[in-house]
Amino acid sequence: MRDGVDAGSVLDAMADAVVAGDVDGRVTLWSRGAQRMLGWAPDEMLGRVFAFEPPAPGAGVGIDHPDDAMARVRAGENVSLVTKFRRANGNLLDVSAVLSPVCDDDEIVTGWVAVVRDATRQRAIQEELAGRVQLVGRLASVVAGLNSDLDLQTVLRRISESGRELLSASGAGYVVMDGEDLVVTAVSGLPAKLCGERIPIAESAVGHLRETGRRSISVSNLEFPNRSPLIAEHTRHLPRLAVALTRVDGELSGALYVFFDSDQHPLGRAELGVLELLADAAGTAIGNARAYERQRLLREHERAVIDATADGMAVLAPDGTVRHWNPAAAALTGLRASEVVGRPLPFPPGEPGVVVDHRLPSGVWLEILCSRIGDLNETVVDFRDITRAKSIEASKDLFLAVTSHELRTPITVVQGFATTLLAHWDELSDDERRELVDRIAARTRSLAALVEQLLLGSRAGAAAPQAAVPFDLAGLLRTTIDGFDAVSDTHQFSLDIEAGLPAALGDPSSVEIAITQLLENAVKYSPDGGQVAVSARSDDRHIVVQVADRGLGIPDGEHENVFDRFYQVGGDRRRFGGVGLGLYIVRKLLDAQGGSVRALPRPGGGSCFEVIIPAGR
């Protein structure tokens, strides 16, 4: 190698282990990196069969059987695997390895080479991530359970139990704000007699968090000694403390305390994050529970509020029949209270606490959420109109499809001119080349304008009215036809324009896209080639352009359907490609400028599309 550095020196300098062997698996090369990492000296390994440790049962993803890997290498494959290797001291080491076959000049495998890397840290990271995923999954289950209960005391007790369980703590307690004190309201792993004890906020971890603006903290329990002798007595053996704040309607309402029996208990950002999420869920659950308590005291008042809300709301009796139906519910569904009360809900309510979407026969989409009122054994069903949101979502998908389709249309003409240049460069004169390049440039400018219009939302998807200007339709048709001459060798394009054809009135860019799309369809749906005829005639107020072919034609009764979104003649997308938006776009573009398009039967086979554009007279 250059500068006197040979391959052996490079191998010895590598941190990774490099091992090579013959087809029987015996080691023929053992680098110094292999000795450093795996502990075996070269003289101990040369000539021995090289083998990783077989995976333990249930080892999981990433542990391939080494025998299978070596067999695949002998078959000529490159193999990557994460497994284990027994070091010279007897310990197992997590490793990642890349094994590659070594072949002779006849491509016959004569051996193998392996690059082995210490994967201990990688395995630890994977296990940590798996643990966090499991922790988040357990948290989600806990939160779902909290939101299903409306009894305040039960919710606070379950919050304490959940904090203790999720963080493997020794004890936990929930405190609520009462003036300038915190009152212990629920405990887990601690004596129930602690409930009712008071802690001054100013001397507590909660007060420290409020002053610093933080949401959670992990500190030594000794940093915030308790004035309550009872609390001090039962928590002095728990040296580590973690606290997360709960807010309801933006106001500090309480906190979740979690105690650990070891001051060295690992409590990182992930664990504090879980505690914060649990405290946030506690705020929601407490808010729900307090709302329920207020509802019991002010039921009639809340009925008036329900009647005034914009959301539809129904109260169901224990047997599932409607007991109350507010005016918004009647407006959303079209069903009066007299038609619903005493009968089953006219749509599925879904499971308590689970948001579901449902479409009414009228086409209105509802978002539905139901909650049970435990003591009364009733169910409150809240639903709102999300038809607009659904429409916007569908419009986004359609806009993307229409945009890609419209951008492709002018590119077809550019491709035709470019193909002519490439195929006939030497045959063309300088003037002819310049003319073709000018046309490509013109189409490129048109394409740029189209992109700008699409971004402004003024193209076909929005069907916005276009600025109508007089333009030379005859010249536009000639240029468009010229661009298609190089598109197909099996089609013949003809153009018949009435003498003295007047200027058209509309948006020339949109008309060009529409005509180009009709020509593309004519070529696409006449795969055997043939004549594509374009003609233009005028009357007193309009110009009529027809594009006709001798292709597959349109089945009887479907001449209007071809302008629907995603419709495709024959329904064979694999054969013809596309998404069935071309003719939909043509109609939208022409409608937006006072024009129209229709499909006509053509005697003798094929299809004929008639475009009507206002005349500029």
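User: What does the accessible surface of the chain come to, and what share of it belongs to carbon and sulfur atoms?
Analyst: In this predicted model, the chain exposes about 31900 Å² of accessible surface, and carbon and sulfur atoms account for 52% of that area.

User: And what percentage of the residues is buried?
Analyst: Of the 617 residues in the chain, 45% are buried.

User: How many helices and strands are there?
Analyst: The chain contains 18 helices and 23 strands. Of the contacts between residues at least 6 apart in sequence, 54% link residues at least 24 apart.

User: Turning to helix 15, what is its span from first C-alpha to last?
Analyst: Helix 15 covers residues 473–484 and spans 17 Å, which is close to the 16 Å expected for its 12 residues.

User: Is helix 15 mostly covered or uncovered?
Analyst: Helix 15 is mostly covered, with nine of its 12 residues buried. Among them are L473, L476, L477, I481 and F484.

User: Which residue has a side-chain oxygen reaching to a backbone nitrogen at the start of that helix?
Analyst: That residue is D472, whose side-chain oxygen comes within 3.2 Å of the backbone nitrogen of A474. A474 itself is one of the buried residues of helix 15.

User: Why does V49 count as exposed?
Analyst: V49 counts as exposed because its relative accessibility is 54%, and the cut-off for that class is over 50%.

User: Which residues is V49 in contact with, leaving aside neighbours within four places in sequence?
Analyst: V49 contacts D24, G25 and R26.

Conventions. Residues numbered from 1 in each chain as written. Predicted model: local features only at pLDDT ≥ 70, side-chain atom pairs only at ≥ 80, totals over all residues. Heavy atoms only, no water. Helix = DSSP H or I, 4+ residues; strand = E, 2+ residues; numbered from the N terminus. Buried < 20%, exposed > 50% of the residue type's maximum accessible area, 1.4 Å probe, protein only. Contact = heavy atoms within 4.5 Å. Areas by Shrake-Rupley, 256 points an atom, 1.4 Å probe, with all protein chains shown as cover. Expected span 1.5 Å × (residues − 1). Polar contact = N/O pair within 3.5 Å; in protein donor to acceptor, adjacent residues only side chain to side chain.
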